[in-house]
Structure formats: C-alpha cells, structure tokens
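This report covers a single protein chain.

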Amino acid sequence: MTVVGVARRWLLVTLTVLASSTTARAADTLCDPASANCRTQLLTLIQNERVGIDVAFWFMQDSRYMSEIIRRWQAGVPVRLLIDPRANPTYTGNDQMIAAFQQAGIPLRKRTAGGILHWKMMLFAGQNTVEFGSANYSPDAFVPSTPYTNYVAETVFYTDDPGVVNSFKTKFDDAWTDTVGFRDYANILSGLTRTYPTYPLDPAMNFPPSQDYATRAVGRYNAERVKIDAIMYRITDQRHTNAIINAKARGVPVRLIVENDQYRDPDYPWDAWNVDRLYAAGVPLRWRGHAGQNHEKVVLLYGQNMSIFGSSNWTTASANSQAEHNYFTTKSAIFQWFATQFDRMWNNSVANETAPFVPLPPDQPSYRSPANGSLGSGTSATLMWYAGAWAHTYDIYVGTSPAPPLLAANVNLGPSTSPTTYQRFMISNLAPSATYYWKVVSKTMAGLPAAGSVWSFTTSASTAGSLPSGWNDGDVGSVGVAGAASYGGGTFNVSGSGADIWGTADAFHFAYQSMSGDGQLVARVASLANVNGWTKAGVMIRGSLSANSPFALMLVSAARGTALQYRTGAGAAAGSVAGPVAAAPYWVKIVRSGNTITGYTSSNGSAWTTVGSVTIAMASTVQVGLAVTSHDNSKLATASFDNVAR
C-alpha cells in the first residue's frame with residue numbers, strides 16, 4: 001500500500017504494518033489532502049489512459065480534470081460520463097463543466113431517479129485502476145490551501161484491486177444501460193451497451209440504493225466490542241446515532257469527529273438533533289478546528305480491523321436513495337492508515353485540526369397566542385409559539401402567579417420546520433375571570449435552554465362564556481389561528497380555523513366531553529360563517545385529540561350540503577357519505593352503538609333522516625362534541641349550536 005500526505009513519523013508506522021503483511025495483494029493508495037497534493041496522481045492517471053475512462057460525479061468545478069479528460073477523448077480514448085444536473089444550482093461551475101463535455105462530443109447520461117448521483121469516481125480501464133472516496137472534483141478537495149490548517153478533509157483512494165475495480169465496471173455498466181433511473185443527456189449516438197463483462201461484486205463493496213448502507217454499517221457497529229472511531233460530515237439518520245449510543249452504553253470506547261457547519265445548517269436541522277443526542281449520551285466529540293471543511297465519511301471498528309469509507313453520510317438518503325459507493329474492508333494497511341490519521345486529528349499532533357465540540361442553545365421561542373394581555377379565553381387555551389429549527393423539547397410554565405410554576409417538563413414537540421410551523425400545548429380546566437401567566441423554555445437534545453418571556457391572558461367570567469361543567473375545548477391538529485369556544489343562554493359558539501377535517505389528519509376546533517360506551521349527541525347548527533364552501537360544523541365522536549385519530553362527524557357545510565364523514569383508523573384516509581343538500585340552521589345527530597356509528601339529519605329536530613353508518617373500533621371512552629373547521633387555515637369560522645343534548 002502506498003501512503004501519501006502523512007507526517008513522516010506516521011509514515012513509518014504505516015510502512016511497518018505493510019511490511020509485516022504476508023498476503024500478496026493489489027496496490028492501494030490513500031492520499032490525505034490535509035497535507036498532500038492528491039490531484040496530481042489523478043491527472044496522471046487521466047493522461048496515461050489509452051483504453052477507456054468512465055467518470056461519475058455529483059459535481060465537478062475543477063477545470064483541470066475536464067480539460068485532461070477532453071484531451072484523452074480527442075486522442076481517441078473512449079469516455080463515458082454519468083452526471084446529475086440537479087447539482088447545478090448549488091455548485092457554481094458544474095454546469096460549465098457539463099457543457100464543455102457535451103460540446104466536445106463526449107457521451108453523457110444523467111440520473112433522474114429520486115435520489116441524487118452521489119458517486120465521485122473515475123475508472124481507468126487500461127490501467128485497471130479506480131479512484132473513489134468522499135472527494136468531489138472541486139479545486140479545494142484534493143489539495144490543501146495550507147497544510148493541516150486550511151484544507152478539506154477527504155478520503156481519496158486509488159486501487160487496482162481486481163475485485164474492487166471489476167465491481168465498479170459492473171455497476172457503471174448497470175447505470176449506463178439503466179433506462180429507469182437514468183436518461184440520455186447528450187451525444188448518445190447508438191444503443192446503450194455494456195462495455196465490460198458482468199463481474200460478481202466484491203463482498204466488501206456497498207452500492208446504495210440497491211444495498212442499504214445503514215443496515216450493513218449498523219450491523220457492524222452492533223458487533224463491535226473493542227473500540228469505534230468515526231469522522232462523519234453529516235448525521236441525520238438516527239439508526240447510526242442509536243447504534244453508537246448503544247455501543248457507548250455497553251462499554252465500547254467511542255470517539256467521533258463532526259463538521260461544524262452541518263451542526264447549524266438550516267437545510268439539515270436533524271444533524272444537530274443527532275449530534276446533541278450523542279453529546280448527551282456521553283460520546284466524546286470533537287469538531288473541525290482548521291479552516292476549510294470536514295467532508296470525510298470514515299468509521300473504524302477496532303475489534304474487526306474494519307475500515308468503512310466512501311461517499312455515504314449518516315443520512316437516510318445515503319442509505320437507500322442516493323447512488324453511493326462504500327468500502328467495508330479489513331485490509332490491515334488501510335485500517336492502520338486511517339487509525340493513524342484519526343489519532344493525528346484527534347490529538348492535534350501536527351496542528352490544531354480539531355477542537356472540543358461545544359453544543360449550542362436553541363433559538364428563543366417566539367410566542368403567537370394567546371396574545372399577551374388578551375381577554376376572553378374560555379375554560380381551555382392552546383399555547384402557540386414558533387420554536388425555530390434547533391429546539392426539540394420544551395418546559396411549559398403556567399399559573400396565576402407572574403412567576404408561573406412548571407406545568408410540564410421535557411414535552412417532546414420537535415422543531416418548527418418552517419416559518420409557519422408552530423408548536424402547540426393545550427391547557428384546560430381554567431378558572432373563570434382569572435389571569436394566567438405562561439412561559440416556554442425551549443431545549444435542545446443536549447439540554448441547552450432558551451427561555452421565552454412571560455405572557456398573560458385572562459379567562460372570561462363563568463356567566464359570560466365559559467363552557468358548562470364537564471366540557472373542554474381546544475384546537476386539534478395544525479391550525480393557523482387559535483380557536484375558541486364559549487357558552488351562554490343555551491348556545492355554544494365555536495370558532496375554528498384549520499385546513500380541513502379530512503385526509504389522514506385533521507385541523508379544527510373542538511368543544512367536547514368524554515363519553516363511555518354507547519351514546520349520542522344532538523345539536524342544531526343554528527348558524528355557520530361562510531369562509532369557504534367546505535367550512536364545516538357538526539357533531540363528532542372521536543377516539544382521541546390526536547390529529548390523525550379515528551372519528552365520525554355528522555356535519556353541515558357552508559355551501560356543500562350535509563355529510564357523514566369518518567376515519568376508520570389512526571392515520572387512515574377519511575371517507576364520506578353525502579346527506580341532504582341543506583345549510584344552517586339544520587339539525588344533526590350522531591349515535592354510537594358498539595362499533596357502529598350512525599349519522600342523522602333533520603330539518604325540525606323530530607323527523608330524522610339516516611345519512612349512513614360506519615364501523616369504527618374505538619376504545620370504550622371517546623370524546624364527543626362540537627367541531628368547526630374553516631377550511632382556510634388563515635381564518636376563523638364561527639358556528640353557533642343550540643339544542644345540544646346527549
């Protein structure tokens with residue numbers, strides 16, 4: 001094995017490992033762009049090729065590779081390129097490289113499958129050599145700006161191992177002739193044919209998406225009993241995180257180097273979630289201390305003498321969606337090379353290449369409702385706030401003191417995944433005519449907090465709107481505007497926003513009470529605001545307050561008539577049975593008998609028409625009540641119900 005780009009004292013160790021090996025094998029070369037020019041060897045391979053060059057990349061920005069490949073093509077050497085133009089908007093210059101290849105007449109095919117082409121490889125048929133690893137073909141991936149202090153950490157691997165080279169020949173031919181996941185891009189002048197014999201894949205190779213990277217890697221982590229070291233650019237697949245935490249828990253020493261920029265990349269918020277979990281579990285972590293980037297993807301399993309490296313990050317896309325290439329090898333010289341590199345980076349033996357990982361706090365929660373100092377809340381309220389991308393658990397403080405006590409700790413609601421995604425926490429059994437104070441403390445998975453300010457709201461008097469004893473109300477699902485419910489003079493007024501009560505999850509406001517066993521609810525929908533033709537109000541039986549709960553709703557709509565709508569199981573698609581074409585004021589009734597729920601309508605409250613029945617298995621105790629959805633998540637719709645009776 002050839003070793004490039006390692007300080008001299010480390011070079012001696014690696015050469016000793018190679019010299020002690022008695023097994024003859026192919027030449028493997030690892031080059032470390034922390035200190036070495038790893039570009040020269042690749043350019044030399046291109047320049048020396050006389051038989052054929054196959055190239056596949058996610059992106060290319062270094063025109064030196066493009067120019068040399070075109071020269072070989074012009075000299076009569078066959079060239080094939082697999083590309084993915086979806087990289088163009090993010091990686092400046094990739095489109096220009098592709099255009100130059102196209103103009104030169106080189107045949108190109110592009111990946112069109114859902115997962116991107118994440119390969120970074122060049123195959124040289126006449127030299128029986130393949131180059132692959134984690135490095136994209138950018139100007140800074142193969143050569144340091146300043147050795148050890150300003151570089152992109154990458155794995156750059158060259159080999160003429162027949163098993164590995166032949167595996168790439170077969171997989172490249174597979175992709176070249178694939179008419180489902182790839183399409184012709186340019187200069188395909190004849191039929192798609194294979195260039196090489198079809199070889200068996202080397203058992204040490206791993207080619208997602210057809211071979212799941214995470215399944216194989218996690219299996220090896222679970223088998224490790226001695227020690228695990230890893231350098232990983234991006235971590236969003238919790239299967240890896242869970243397995244590493246489990247290894248730590250069973251006493252296996254673990255060390256992990258992560259990338260700073262990924263930890264706070266808003267496009268990948270689950271990286272912070274996973275890294276913080278590792279930190280909270282006591283896994284020793286360091287991150288990049290040098291300028292540049294840590295783009296390497298390496299795992300070392302000491303008890304198995306195994307190095308895992310290639311193009312896959314610890315992400316679900318890298319596991320079984322994107323086109324990737326990884327090597328699970330037990331070659332001793334390769335393992336020793338990576339172990340030496342890792343120790344150098346971890347211990348900062350040459351320069352400050354890594355620094356202790358320091359977890360960061362989340363954003364301060366930004367409250368939405370109830371508005372500070374607002375009046376008129378009923379017997380329940382839904383606290384809503386924007387949490388940002390980094391918070392995952394929350395401490396909720398609510399009480400009648402300006403310094404409210406803790407009501408609920410470590411409520412796992414997750415992050416706000418978009419600017420309009422709000423976290424919600426419903427509180428009920430509020431006293432009438434009382435001022436309540438509330439506060440939210442957001443926390444990361446590492447436990448770092450960010451406290452919001454204290455806001456207040458005042459409930460309405462019992463004679464002016466609070467619900468009767470035994471009734472509660474609250475928003476169900478993801479509503480854009482908080483709803484409310486009140487009662488007075490025999491009339492319930494319920495206001496709700498929400499996209500709909502339909503599909504696999506609902507969004508509406510619900511005034512409800514518990515019901516055990518068989519029973520019914522009758523009401524007259526006295527009035528209903530016409531926010532949308534499908535604004536709905538009606539009587540509902542519901543398995544739970546979860547958005548995807550099974551339910552049955554006998555409804556009156558603003559302009560689409562009546563219907564019995566239902567969901568037979570949690571997360572199932574909703575169904576509907578049309579009833580009479582009528583509008584408020586109109587009577588509705590829903591009846592539960594065993595697992596059968598039946599909906600009825602009436603124009604006068606005495607002569608009832610059966611709309612339909614549906615079988616829904618729910619627990620003995622359900623929630624029954626009055627439901628309103630505006631069918632417009634930015635607006636409230638109000639319905640009034642009278643003659644409400646069980």
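The sections below go from the whole chain to its sheets, a helix pair and a disulfide.

## Basis and overall dimensions

This is a predicted model, in which local features need pLDDT of at least 70 and side-chain atom pairs count only at pLDDT 80 or more, while totals for chains, interfaces and linings use all residues. Residues are numbered from 1 along each chain as its sequence is written, and side-chain values use heavy atoms, with hydrogens and water left out.

The chain has 646 residues, of which 56% are buried (under 20% relative accessible area; exposed is over 50% and partly exposed in between, with a 1.4 Å probe and protein chains only). Its C-alpha atoms fill a box of roughly 95 × 60 × 40 Å along the principal axes. The secondary structure comprises eleven helices and 44 strands, taken as DSSP runs numbered from the N terminus (helices H or I, at least four residues; strands E, at least two). Among contacts (heavy atoms within 4.5 Å) with a separation of 6 or more, 73% are between residues 24 or more positions apart.

## The eight-strand sheet

An open sheet of mixed pairing contains eight strands in the order β11-β18-β17-β16-β12-β13-β14-β19. Two strands are taken to pair if DSSP finds at least two bridges between them. The edges are β11 (205–206) and β19, each pairing on one side only. Helix α6 (residues 213–223) packs on this sheet and touches β11, β12 (228–232), β16 (297–301), β17 (306–310) and β18 (326–329). The direction of α6 makes about 25 degrees with that of β18; axes are lines fitted to C-alpha atoms, for helices over the stretch in contact, and angles run from 0 to 180 degrees between N-to-C directions.

Both senses of pairing involve β14. Strand β13 (residues 254–258) pairs with β14 (residues 285–288) in the parallel sense over three bridges, and Val258 stands opposite Trp287. With β19 (residues 354–356), β14 pairs in the antiparallel sense, also over three bridges; here Arg288 stands opposite Thr354.

## The three-strand sheet

A further open sheet has the order β20-β22-β25 and antiparallel pairing. Its edge strands are β20 (366–369) and β25 (423–427), each of which pairs on one side only. From one strand to the next the twist averages 30 degrees. Strand β22 (residues 381–386) is joined to β25 by five bridges, and Thr382 stands opposite Met426 in β25.

## Helices α7 and α9

The axes of α7 (residues 238–249) and α9 (residues 269–280) come within 10 Å and cross at roughly 5 degrees. The two helices are therefore roughly parallel to each other (angles under 35 degrees; over 145 is roughly antiparallel, 65 to 115 roughly perpendicular and the rest oblique). Gln238, Thr241, Asn242, Ile244 and Ile245 of α7 meet Trp273, Asn274, Arg277 and Leu278 of α9 in this contact. These residues divide into four nonpolar, four polar and one charged, where Ala, Val, Leu, Ile, Met, Phe, Trp, Tyr, Cys and Pro count as nonpolar, Asp, Glu, Lys and Arg as charged, and the others, Gly among them, as polar.

## The disulfide

The model contains one disulfide, defined as a pair of cysteine sulfur atoms within 2.5 Å. Cys31 and Cys38 form it, with their sulfur atoms 2.0 Å apart. The torsion about the S-S bond of Cys31 and Cys38 is about -90 degrees, so the disulfide is left-handed. Cys31 is buried at a relative accessible area of 2%, and Cys38 is buried at 1%.
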